[in-house]
Amino acid sequence: MEGPQITIVAMDGSEVCRLAMTPALSVLGVKEHLSHVTGAHVAEQDLVFSEDMGMMNDSTLLSQTCSESVTATVVYTGGQCVLLTAKTTSLENQSRIRDIENILKGRGVNFEAIDGSDPANLDLRSQLFEISSRHAEYPQVFLRGRTGHYTFLGAHAEVQQANEVSAMLKEHPELRENPEAARSTFEHLFRSCTSMVS
């Protein structure tokens, strides 16, 4: 592909797709392409561009906003938080599962727990492992959109780190002005969960 492009990445940084930036390509056009690629409805998608690109809505033509290649993160909105757990797993994984359950409950996030060690859930577990690219690691947290599309949010380390960043920003509110710190918070990681209590 030659010329300016838009690269769409998931919240974990993995590339979802890449499009040529044509004169007629709008934000909505990108979302429609994503819908074909991922199966997620256009209404469930939000594209996050770098702050220097300003506000954009679905009708914004990308060629009028930027002349160089850009990257946007797709965020799936309005979904249910799903926690992949396992009743039959190592003691270390069991400890991590309890830790994340406590963090989610303490933060007011309602979640559906799915036991990946239950034979009835093997197909779903395999699908979730494929999405996260992390096999036999528990717990893992996903966002399930209204159309049933799953997005990997993180595992124990990511959720714990986001929780710690939020606690640090609570103690040092002046750090909230740092965009990287703000994007590393628990609230940012779980912003798309409709089950999150504000």
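User: A pocket is an open set of points on a 1 Å grid over the protein atoms alone, where a 1.4 Å probe fits, with protein on both sides within 12 Å along at least five of seven lines. What volume does the second largest pocket have?

Analyst: This is a predicted model, in which local features need pLDDT of at least 70, side-chain atom pairs count only at pLDDT 80 or more, and totals for chains, interfaces and linings use all residues. Residues are numbered from 1 along each chain as its sequence is written, and side-chain values use heavy atoms, without hydrogens and water. Taken as the space filled by probe spheres set on the points, joined across faces, edges and corners, the volume of the second largest pocket is about 230 Å³.

User: Which element gives the most to the lining of the second largest pocket?

Analyst: The lining (residues with an atom within 4 Å of a point) comprises 15 residues, and the closest to the centre of this pocket are Ala10, Ser14, Val16, Ile131 and His149. Among helices (DSSP H or I, at least four residues) and strands (E, at least two), numbered from the N terminus, β2, α1, β4 and β8 each supply at least two lining residues. With 3 residues, the most is given by β8.

User: Which element gives the most to the lining of the largest pocket?

Analyst: The largest pocket holds about 700 Å³ of space. Of its 28 lining residues, Met11, Thr73, Arg183, Ser184 and His188 are the closest to the centre. Two or more residues of this lining come from each of β4, β8 (150–155), α5 and α7 (186–189). The largest share, 4 residues, belongs to β4.

User: Which are the edge strands of the open sheet of 4 strands?

Analyst: The strands follow the order β2-β1-β4-β3, with mixed pairing; a pair requires at least two DSSP bridges. An edge strand here pairs on one side only, which holds for β2 (15–20) and β3 (45–48).

User: Which residue in β2 stands opposite Ile8?

Analyst: Strand β1, residues 5–9, pairs with β2 in the antiparallel sense, and 5 bridges join the two. Within β2, the residue opposite Ile8 is Cys17.
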